Amino acid sequence: MLEAIGIIDFIMAGALFLMLLVQLYYYWGVFGKFAFYKPQAPIKQKQEPVSVIIAARNEFENLQKNLPAILTQDYPEYEVVVVNHCSWDNSQQYLEELQQTYKQLKISQLIEQEKYPTGKKFALTIGIKAAKYDQLIFTDADCAPASNQWLALMQSRFTGNKEIILGYSPYYKKGGMLNLFDRFETFLTGLFYFSFALAGNAFMGVGRNLAYRKEVFFRHKGFASHQHIMSGDDDLFINEAATPYNVAIECNPESFTWSEGKPTFEKWSRQKSRHMTTGKHYKPQHKRSLGVYYASLFLFYGLLAACLLVNITTWPIVAGIYFLRLLSQVIVYYNAAVKLKCTSLVWSVPFNDILFVLFTLFYGTKGLFTRNTKNW
């Protein structure tokens with residue numbers, strides 16, 4: 001009987017080691033592409049005119065705080081198209097006042113119609129159609145560019161056959177565990193989509209800092225294939241439009257757009273629940289790649305807990321496996337965090353990694369069964 005238990009223990013340890021190998025492949029083979037990536041200096045070229053698109057709903061305070069920095073970019077020719085999406089605050093009045101000073105500001109006002117509710121995708125479509133330039137750069141009303149070089153850096157990546165540019169948008173550092181985890185999850189999201197893009201397998205971007213050509217939008221009939229889904233104006237569109245050759249990344253810290261994280265757990269949870277409804281609509285190859293990673297992550301921690309609980313004799317082996325994985329995480333995450341200016345997050349990896357597993361299990365499962373809606 002004891003012999004049988006010992007065999008089971010070592011089988012479990014072997015399975016744990018197998019999950020370690022899968023995880024190491026992702027850390028070094030996939031995430032390492034961004035962690036050890038040496039950003040290329042922007043190629044000097046003619047700065048083509050660009051249109052910045054912002055869809056804003058009741059964002060008066062955020063527009064006051066962030067829009068002036070977007071309107072004062074060091075860029076020769078650009079317009080800022082703000083779609084005032086059925087706001088009932090002072091947004092429209094403020095935009096009209098601002099327009100007197102900044103002639104490059106263009107306003108599209110949408111009026112709420114009870115019979116025909118609209119979502120963010122509709123507002124963005126209106127903004128894209130109103131834009132007069134082919135190169136479109138997107139952000140949100142609650143985002144502030146890190147510098148007056150944001151537009152120049154994002155636009156500089158439109159070289160050759162590149163039609164889609166993925167940028168990065170971190171959250172401001174605040175106190176509390178919610179902010180810590182929110183910044184960690186945002187860092188991991190950036191690590192994921194930058195790494196996959198560098199591997200020629202881009203699967204998403206974030207609408208807080210994203211650029212693509214208008215021609216790409218109309219070639220794919222806009223958001224038509226996922227218009228019925230509330231989220232996905234960024235990740236589902238990129239998932240559909242990206243090819244191995246038409247995506248570039250921009251990770252210069254001066255190109256970031258910064259925003260405030262959700263102040264309460266309730267608002268944060270509602271946001272994440274909405275975001276996690278889109279993954280089930282990704283292309284099959286992306287669902288497989290992400291699915292294998294997440295399955296190995298869940299099984300790793302499940303087997304780790306089982307090995308620690310069942311028999312003390314395998315603890316040295318289990319500890320060695322865990323610390324080998326942790327060392328790989330820290331090395332890869334640190335090198336990526338240097339580029340994304342968030343190295344202070346690395347110390348929290350052991351704790352936040354477990355939280356990330358629980359977060360993904362709960363919100364990922366919830367997203368599979370959440371009914372989609374197109375309302376904002």
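Let's start with a pair of helices: α6 passes α9 in a left-handed crossing. Keep in mind as you look that this is a predicted model.

To find the pair, look for residues 177-198, which form helix α6, and residues 265-275, which form helix α9. The two pack at an angle of about 20 degrees, and their axes lie 11 Å apart. Because angles under 35 degrees count as roughly parallel, α6 is described as roughly parallel to α9.

Which residues of α6 and α9 make the contact? On the α6 side they are Leu178, Phe181, Asp182 and Glu185. On the α9 side you will find Phe265, Trp268 and Lys272.

Now let's move to a pocket. The second largest pocket has a volume of about 260 Å³. How many residues line the second largest pocket? There are 18, and those nearest its centre are Tyr37, Lys162, Val247, Ala248 and Ile249.

Helix α6 turns up here too: both α6 and strand β8 (247-249) supply at least two residues each to the lining of this pocket. The largest share comes from β8, with 3 residues. So what kinds of residues make up the lining of the second largest pocket? They divide into 10 nonpolar, 6 polar and 2 charged.

Note on methods
Residues numbered from 1 in each chain as written. Predicted model: local features only at pLDDT ≥ 70, side-chain atom pairs only at ≥ 80, totals over all residues. Heavy atoms only, no water. Axes fitted to C-alpha atoms, helices over the stretch in contact; angles between N-to-C directions. Helix = DSSP H or I, 4+ residues; strand = E, 2+ residues; numbered from the N terminus. Parallel < 35°, antiparallel > 145°, perpendicular 65-115°, else oblique. Left-handed = near helix turned anticlockwise from the far one by under 90°. Contact = heavy atoms within 4.5 Å. 1 Å grid on protein atoms, 1.4 Å probe; cavity = no way out; pocket = protein on both sides within 12 Å on 5 of 7 lines; lining within 4 Å. Points joined across faces, edges and corners; volume = space filled by probe spheres on them. Nonpolar A, V, L, I, M, F, W, Y, C, P; charged D, E, K, R; others polar.
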